[in-house]
Amino acid sequence: MASPVGSVDPITFEILSHRLYQIAKEMGTTLERVGGTVNTTQQKDYMAALYRADGEILSAGESIGMHMACGGFAVKKILERYGHEGVAPDDVFLLNDPYVAAVHQSDLFMISPIHYQRRLVAWSATFVHVMDIGALSPGGNSPGATEIFHEGIRIAGIKLIEGGTFRQDLFDMIINMTRQPTMVGLDLKCEIAANNVAKSRIQEMFSHYGPELIDAVTRKMIEHAEDVL
């Protein structure tokens, strides 16, 4: 079997790959500490993960596997919809459409591009299972639903933050389509906080180690995972 580190020094590979994992775990900790609902703070019904610039899964904290994959699909759909030219530093995208990436509408994904020296180098993505999504039944689980429109609002990928500017009108519109706007708003904001943590930490890594080394390590992380499987 090929070496998992290739041309990357094995000690450097271990240090940086574990650092990326810890960043993903820190994202989850941020969700729990900033979030205001039992789903997030106690039940841990959330996801926090990092992705390469093309949307390939890179690293995740204590997240459910299928949601990590959904996050990758979400990133790729954002890239497909907006293109690299439509993804600016400090943008943040919101998505919960099951036909696009999510498992169901109650899983609200917050997706943030991470740039270094104006170049897209990675993504962070979170989701929180919100307390309500305006579905047929309170809470979002609607066993009596006969069509997707009974299961709450559907968002295929919009900019909630555009170039660093928080779109308060759009935020208000979304939360007020739910039965618990305050709680839904808290969870959306904890997702923004977690993605901000990831962006800061990743940019620090790129600044300290350089984009070439980080790119090589992340490629080898994927290769190593494939070898292990």
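**Figure 1. Helix α6 and the lining of the largest pocket.** In this predicted model, α6 gives the most to the lining of the largest pocket, with six residues. Helices (H or I, at least four residues) and strands (E, at least two) are DSSP runs, numbered from the N terminus. The pocket has a volume of about 500 Å³, and 22 residues line it. Ile57, Leu58, Met221, Ile222 and Ala225 lie nearest the centre of this pocket. Two or more lining residues come from each of α1 (10–34), β2 (57–60), α3 (65–82) and α6 (211–228). By class, the lining holds twelve nonpolar, six polar and four charged residues. Ala, Val, Leu, Ile, Met, Phe, Trp, Tyr, Cys and Pro count as nonpolar, Asp, Glu, Lys and Arg as charged, and the others, Gly among them, as polar. On a 1 Å grid over the protein atoms alone, a pocket is an open set of points with protein on both sides within 12 Å along at least five of seven lines, and a cavity is a set of points where a 1.4 Å probe fits but cannot get out; lining residues have an atom within 4 Å of a point. Grid points are joined across faces, edges and corners, and a volume is the space filled by probe spheres set on the points.

**Figure 2. The second largest pocket.** This pocket has a volume of about 170 Å³ and is lined by 15 residues. Nearest its centre lie Arg52, Val121, Phe206, Asp215 and Thr218. The elements β1 (46–52), β5 (119–129), α5 (181–209) and α6 each give two or more residues to the lining. Here too α6 gives the most, with four residues. Ten of the lining residues are nonpolar, one is polar and four are charged.

**Figure 3. Surroundings of Arg52.** Arg52 lies in strand β1 and is among the residues nearest the centre of the second largest pocket. With a relative accessible area of 16%, Arg52 is buried; buried means under 20%, exposed over 50%, and partly exposed in between (1.4 Å probe, protein chains only). The side chains of Arg52 and Asp215 are joined by a polar contact of 3.1 Å. A polar contact is a pair of N or O atoms within 3.5 Å; within protein, one must be able to donate a hydrogen and the other to accept it, and residues adjacent in sequence count only if both atoms are side-chain atoms. Not counting residues up to four places away in sequence, Arg52 touches Leu58, Val121, Ala122, Trp123, Asp215, Thr218, Arg219 and Ile222 (contact means heavy atoms within 4.5 Å).

Figure 4. Lys44, in the loop between α2 (38–41) and β1, has phi near 55 degrees, a positive value in a residue other than glycine. Lys44 is partly exposed, with a relative accessible area of 40%. Arg118 is found in the loop between β4 (107–116) and β5, and its phi is near 70 degrees, also positive in a residue other than glycine. Arg118 is exposed, at 69% relative accessible area.

Figure 5. β4 and α5 are the elements that give two or more residues to the lining. The lining has two nonpolar, two polar and three charged residues.

**Notes to all views.** Residues are numbered from 1 along each chain as its sequence is written, and side-chain values use heavy atoms, with hydrogens and water left out. In this predicted model, local features need pLDDT of at least 70 and side-chain atom pairs count only at pLDDT 80 or more, whereas totals for chains, interfaces and linings use all residues.
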